[in-house]
Amino acid sequence: MLAGMVPSTTAVLISLATLAAASVESPWLSPKPPMGFNNWSRFQCALNESLFTQTADAMLSRGLLAAGYDRLNLDDCWALHSRAADGSLQWDPVKFPHGIPWLSDYLKQRGFKLGIYGDSGNKTCGGYPGSLGYEALDAKTFSDWGVDFLKLDACNMPSTTGAKYDESTYAPIFENWHNVLIALPTPLVFSESAPAYFSREANLSDWHRVMSWVPAYGELARHSADIVNFATTGGGGSAWESVMYNYGVNTMLARYQRAGFVNDPDFLIPDHPGLTMDEKRSQVALWASLGAPLIISAWIPGLSEDEMDLLTNTRIIAVDQDTLGLQATLVSQDGEWDVLTRSLSGGERLLTILNRGESMSSHQVDLERVGLSSADNCTYSVQELWGGGISQATGHVEVGHVPAHGTAMLKIASDDTTCMTTIPTGMVFNTPSGNCLTNNGLGLLTVSPCNAADGQVWQVHPDGSLNTLSHKTECLTNAGNQSLSLSTCEPGVAAQQWVSHVSGNLVSLISGECLTIGGAGAGRRNVPTLAVCLDEMNEQIFGLPSGVNIVS
C-alpha cells in the first residue's frame, strides 16, 4: 500500500483477485493442507530409493495412507552435481538406481503422489544445481518424471542491492515459477520457501513484503526456520524450542491463510529423541489447529504405536483438513497458557489450549473469549478431540491435568444456532514485538506485554468497531490529530470503524490512517497512535482474531 492511501473498493477487488491467482485459478490443485512424508529433518542428505519405497510400504500398511497422508516428497541432494548435455537435471543413479520416474510409478501404484525439491537460485542449499535460468526446462522435467509437487528453496539467489537477501529479486523469480508451473498440462502444487529467508531480520518489512505476494504464486509457503533435525537434541537448538519458534511465527500470519493457500511451519517430527510424548502430541495438535501441512519427517517403519495413534487421530486430522481453510488465532497468551480458536465448517468452534509451563495444571476459559455467548440459556456440547469424550458446558470450559508442554483440543457445538453465532474475539497484537493492544482500565490505551487480561481480549463487530471484554461499552476511537481514545460505543460512528488489511494494517475508516506503535515524545514508545500508512512498517503490523473480515 502506498503511503497515505487506503484502497478503494475497486482496488480491493483487484488485489483480492491477484492474491487468489494460485489456488482459485486452479482450485483443485491443493484445496486442503498437504499430508505426507519428507526425508529432510530425519535423514537430510541420506536419502535413496529404498528409503522411499520402504516408507511408502510402511505408510500403506500402518494406516497413514488411509488417514490421508498421500504424498512422499524428495528433499535436497537427490540430484547429480552436474546437468546433462541438454541442460536437464539428472537424478543420482547410485541413490536412485531405477530412476525417479520408476519411483513415481511405484508410489502411484500404491495410492501415493511424488513431490520433489528444487532451488530458485544458482545452487541448492546442499550445493547441487539450482534452477535459475532453467525454470521451464526443470518444470517440464519434473512433470515428465511424474512429479506433482515442487518445494522450491531460495539459497544462492542473485541480489541487485548487495544485500544478502534481496526481496526485489525474489518476487519476479517466484512469479515466473508460478507462470511456468501453472502452464504445464498438469500444474504442480507449488511450495515456496522464499519467506523463510527474511524471517529473522530485525526489521521484518521485507518478510511481510514477501508474504504479501507468495499467496498469489503458490499453494503453501515456508515462512520461518527449518524445524530442528534429528541429530540435534540439546542447547539452543532443542526440539521443543524449535517447535515453539515455528509455531510462534505461524501465529503472526493468520491473515494470509485461506482455502487453497496455507502457511507452513515445517515438518512433524514424531520420532525426535528430544521431544517427550506430550510435546509430540502438542506439535500435531498445534499444526492441526493452525490448518498447517502435516508432512512427517521420521522413520515411519520404526514409529511406536503411541506415535502412530497421534498421527492417525481422525478427529485431529479433520480439524486440519477442515474445508473452511482457516487458521486458529490467539485468544490470549500470558507466557504459561496459549489459548487459540477458530470456526469449523460444521458450525462448531475449535478451542486449543497449550500449557507452556513446566508442570501439569488446569485451565478455565470463558466461552465469551472464544467468541460464543456465555448466557445461562446457552448449553454447549464439548468434545475432547484426543480421546473423543463429550461433556456439557455453560459459561466456560475447563481442561484439567494438562501436562507440561501438553495441548488440549476441544470442539464446541450447540443445537441453538443463536448461541453459536460468533463474534471474532481475541488478541490484537503487534506481530513483530508480540505485544498486545491493551485497555489498561484507566481510560488509556497501551501496547503492552501480553498477559491474558480481559483488557487485552478484543471483540471485533461487523461494523468494524472494537471493544475489550473488560470494558464492553468503550470502543477504539479515532479522536483526531492522529490520537486514539476509548469512547462510548456508538453504532455507525465512522471514527469507531476500522478496516483490517492483509498487509497487517488496521486502518481508520474516517481518516485512512494506520494504528501505529509509538507517539512523539519521551515515554510514548508503547503508546498507540495513528500515522500515515507506510509500506510494511514493523510498528503498523497487527494480528487480529479469527473471523475478522480481511481486505487487501
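Predicted model: local features only at pLDDT ≥ 70, side-chain atom pairs only at ≥ 80, totals over all residues.
Local features need pLDDT of at least 70 and side-chain atom pairs count only at pLDDT 80 or more, while totals for chains, interfaces and linings use all residues. Residues are numbered from 1 along each chain as its sequence is written, and side-chain values use heavy atoms, with hydrogens and water left out.

View 1. Helices (H or I, at least four residues) and strands (E, at least two) are DSSP runs, numbered from the N terminus. The structure also holds six disulfides, each a pair of cysteine sulfur atoms within 2.5 Å.

**View 2. Cys45 and Cys77 form a disulfide.** Their sulfur atoms sit 1.8 Å apart. Cys45 is in the loop between helix H2 (40-43) and helix H3 (49-61), and Cys77 is in the loop between strand E2 (71-73) and helix H5 (100-109). Look for the contrast here: Cys45 is partly exposed at 34% relative accessibility, whereas Cys77 is buried at 1%. Buried means under 20% relative accessible area, exposed over 50%, and partly exposed in between (1.4 Å probe, protein chains only).

**View 3. A disulfide joins Cys475 to Cys489.** The S to S distance is 2.0 Å, and with 105 degrees about the S-S bond the link is right-handed. Cys475 belongs to strand E23 (residues 471-480) and is buried at 2%; Cys489 is partly exposed at 25%.

**View 4. Cys514 and Cys533 form a disulfide.** Their sulfur atoms are 2.1 Å apart. Cys514 is buried at 0% relative accessibility, and Cys533 is buried at 0% too.
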